[in-house]
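Dear colleague,

I am passing on a structure for you to look at. Please find it here, followed by my notes.

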Amino acid sequence: MSLSAKSRSDILRGLSAVIPESEAVEEMLANFAARDADECATKDFIRAEVQTVRAEMATMRTEIHLDVQRIIMWMVGTNLAMLGVLFTLIRLSG
């Protein structure tokens, strides 16, 4: 929950009376959210984001696996075709 401007001002005055260094007081106030957008992420939010990343990574792993399989099959096919051409050339020249 973020602090209202009045609350921040009250805390600033109260801390300034106890702590003479204004820089230290400002640093302490920096630990409190000034706006709702500055709020820390909740555990549930982090868990949801991590779950989303895991799902995306699983999809990427599947895609990479399929791509590697296609490349291997293409290489095997190309090598077999080249061997066929090589054997044909050997039979024709012999």
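The notes below cover confidence, fold, surface and salt bridges.

The model is predicted. The mean pLDDT of the protein chain is 85, with 88% of the residues reaching 70 or more.

On the fold, the protein chain has three helices and zero strands. Along the sequence this reads as α-α-α.

As for the surface, the chain has 94 residues, and 5% of them count as buried. The accessible surface of the chain is about 8,300 Å², and carbon and sulfur atoms account for 65% of that.

There is also a nonpolar patch on the surface, made up of M60, I64, V68, I72, V76, L80, L83, L86, F87 and I90. Together these residues have about 940 Å² of accessible area. One of the patch residues, L80, is found in helix α3. L80 counts as exposed because its relative accessibility is 56%, and the cut-off for exposed is over 50%.

Turning to charged contacts, the count comes to two salt bridges.

Are the two partners buried or exposed? D44 is exposed, at 57% relative accessibility. R47 is exposed as well, with a relative accessible area of 54%.

The other joins the side chains of R70 and D67, at 2.7 Å from N to O. R70 and D67 are three residues apart in helix α3, so about one helical turn separates them. With a relative accessible area of 53%, R70 is exposed. D67, at 39% relative accessibility, counts as partly exposed, because that class runs between the limits of 20% for buried and 50% for exposed.

Best regards

Technical notes:
Residues numbered from 1 in each chain as written. Predicted model: local features only at pLDDT ≥ 70, side-chain atom pairs only at ≥ 80, totals over all residues. Heavy atoms only, no water. pLDDT = per-residue confidence, 0-100. Patch = residues over 30% accessible without salt bridge, like charges linked within 9 Å, V, L, I, M, F, W, Y side chains within 5 Å. Areas by Shrake-Rupley, 256 points an atom, 1.4 Å probe, with all protein chains shown as cover. Salt bridge = Lys/Arg side-chain N within 4 Å of Asp/Glu carboxyl O. Helix = DSSP H or I, 4+ residues; strand = E, 2+ residues; numbered from the N terminus. Buried < 20%, exposed > 50% of the residue type's maximum accessible area, 1.4 Å probe, protein only.
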